[in-house]
Amino acid sequence: MEHLPFDFWDSIKQLLLKVKNIFNRPISETLSLPLFLYIAGLVVFFPAFFPNLSDINPFDEAAYLYNGYRLLESGVSGSLSGNPFTRLFYALMALPFRNSVFWMIHACSLGRFFLFTLMWVAMYKLGLALSDRIIPLVLPILLIMSPLFPDFLRFPSDPLYAGFATLALARSLSFIRFSRLSDLWWASALLGFAALSRNDGLLLFLVFFCLILLWSVLKGKLKLTLLPAILPFLILVGGYILAYGLFTGDFSPGTMRRTYDNFETGYGVIIQNDTGLADTPAAKLSAREAYGTPEENNYSVFTAIHKRPDLFLARLKIVLADMPRAILDAYGLRVTAVLMLLAAWGGFSLVRARDWERLFLLLLWPSPFISGFVISIFRTGHLQFYACVLFALAAIGLFSILQSWQSIRNRWILLSALSLITLYGFSDNKLAVAYGGYIFLMAFVLIMLYISVNRQTFNIESLLILLTALLITRASFPTPNIRTLGEEPEEQILLYINQEMKDVQTFAAASQGVIHAARKDCAMLTSEDVPTNNTPEEFLEWLQVQGIEAVYIDKFLTSRNSAMWEQIQPLLNSGLTRVFDTDQGSYQILLVEHP
């Protein structure tokens, strides 16, 4: 073996010296502190990145993972309404593990890592776009300390959409600040990826385009901005619709059907589900009794609302009444009121600075949120899509307070507001709200005493005190555990299907996670077109006609779909044969006998 020339080792030595010099520089000159905080976030949420099969959302997350796998194996994609970029994302995540029996678990782990990274980088970029008003790292710190993680990762299209939307907001703010056309090109492209991740991105692009159009008209720069604002988005979204249409013959984006489907699901807010069915099919069946079938309404939400405006108003009333509680749950009972206070302060500080452009952009960015009132659906994740705006305004408010701390008036307004939050929490029996208000009241009192003793204004010690308050109110982080694959019930079922049922392809189940993890097709027993009022014999005949080869029994079926379980139980050993069970029968595989 030939010896490497001396200059090679000398170059390695020089490289190591350069690395050493990087870490010897002040933190402000490097990425050392951001990298440290990013790694700290990974460590804090470490258990979420290494789930067991039971920790994977058996509906949305499992469906996206399986669709990604199908895209990888057979090139099967879907219309725009099926969130094609999310499928592509999970096709890439599944690629290294496609031959593993636990491919879904490993792909989920890798996917959650990248989703967390996307959200962290997006918040940091947003902080950089507002660096004239805040310290950029405050936004990713707020992200880590908020209740978004780890549950936000269980609905993959949520962080994908939110991450791209936040990056687009950062670029839009930079464009307004510096008038660089490159920022506009990037913002439009990022919104294209957001729309390909979730259909909400289509509405967000309309908001973005209207705001940029207004800005351009007022500045007299319409000719310069029109093309970069539209073209990247049009190429990505329009290009996908065109390519999918040329390949399948279907040029419809499918958004009307998906919106109507969600509209029917939202009907559940005004019904009392005593049918024995899961909430979603019960809501859809009730909605069709009230509005007619989707085909009769041509999949138009507004046609259905026109038929029964009284029902829409009843739904809207319930959603509006529940909104305060839903927002508290989304951002944490202990900190939401304080965040809202700081965000209001941030908005007011932008008004005082006459920074109208950034104020209106931040306030109008979450406008697509309003569409949820039409369909009456506000899952927790929907309320967290635009956390970037709340955190940005709260950070602006916080730094405005700290930088004007010498103002006695400002101090007493803040302390009085925090006192009112605390008193409200006690008076309305919302002790978590009172606790959060009290913790931050004490934090700001401590800051006031520290500054008065040291005769300083803004300082890093103030931020450390507030960080401590955030840690206290965060309550808890995921508990680390040692994961062993193949031992829990769902994974035992998965191993049995892979080893003993290789020739069985089509299963029926109330949740699809385990079946899709086994790379099998799943007919959902929670679908509204599954018969529920038949005799057991008629239900068995329906299974046979549909080509169902096996039925997977789990707690979603036995506890949340009792009407379906009542049809299945009499068929045990009489049309359905149990071939495997675990966890004292809570999880079973039943073979369907075919004539």
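Predicted model: local features only at pLDDT ≥ 70, side-chain atom pairs only at ≥ 80, totals over all residues.

Trainee: How many residues of helix 6 are buried?
Mentor: Seven of the eight, so helix 6 (residues 138-145) counts as mostly covered, with buried meaning under 20% relative accessible area.

Trainee: Which ones are they, the buried residues of helix 6?
Mentor: Val138, Leu139, Pro140, Leu142, Leu143, Ile144 and Met145.

Trainee: You mentioned helix 15 and helix 19. At what angle do they pack?
Mentor: About 70°, and their axes are 6 Å apart. That makes helix 15 roughly perpendicular to helix 19, since 65 to 115 degrees counts as such.

Trainee: Which residues of the two make the contact?
Mentor: On helix 15, they include Leu339, Met340, Trp345 and Gly346. On helix 19, Leu390, Phe391, Ile396 and Gly397 are among them.

Trainee: And what's the contact of helix 15 with helix 19 like by class?
Mentor: It has 13 nonpolar residues, five polar ones and no charged ones.

Trainee: OK, what about helix 3 and helix 5, how far apart are their axes?
Mentor: For helix 3 (residues 60-74) and helix 5 (residues 103-129), the axes are 11 Å apart and the packing angle is about 105°. Helix 3 and helix 5 are therefore roughly perpendicular to each other. Helix 3 brings Glu61, Ala62, Leu65, Tyr66 and Tyr69 to the contact, while helix 5 brings Trp103, Met104, Ala107, Cys108 and Arg112.

Trainee: How many charged residues are in that contact of helix 3 with helix 5?
Mentor: Two, along with eight nonpolar and no polar residues.

Trainee: Switching topic: which residues touch the most other members in the largest nonpolar core?
Mentor: Trp365, Phe391 and Phe444, out of 152 residues in that core. Helix 5 gives the largest share of this core, 15 residues.

Trainee: Last one: is Thr225 buried or exposed?
Mentor: Buried, because its relative accessibility is 2%. Thr225 sits in helix 10 (residues 222-248).

Trainee: Which side chain does the side chain of Thr225 make a polar contact with?
Mentor: That of Ser216, at 2.5 Å. Thr225 also touches others, including Phe175, Leu181, Ile212 and Trp215.

Conventions. Residues numbered from 1 in each chain as written. Heavy atoms only, no water. Axes fitted to C-alpha atoms, helices over the stretch in contact; angles between N-to-C directions. Helix = DSSP H or I, 4+ residues; strand = E, 2+ residues; numbered from the N terminus. Parallel < 35°, antiparallel > 145°, perpendicular 65-115°, else oblique. Contact = heavy atoms within 4.5 Å. Nonpolar A, V, L, I, M, F, W, Y, C, P; charged D, E, K, R; others polar. Buried < 20%, exposed > 50% of the residue type's maximum accessible area, 1.4 Å probe, protein only. Polar contact = N/O pair within 3.5 Å; in protein donor to acceptor, adjacent residues only side chain to side chain. Core = buried A, V, L, I, M, F, W, Y, C linked by side-chain atoms within 4.5 Å. Lists of a residue's contacts leave out its neighbours within four places in sequence.
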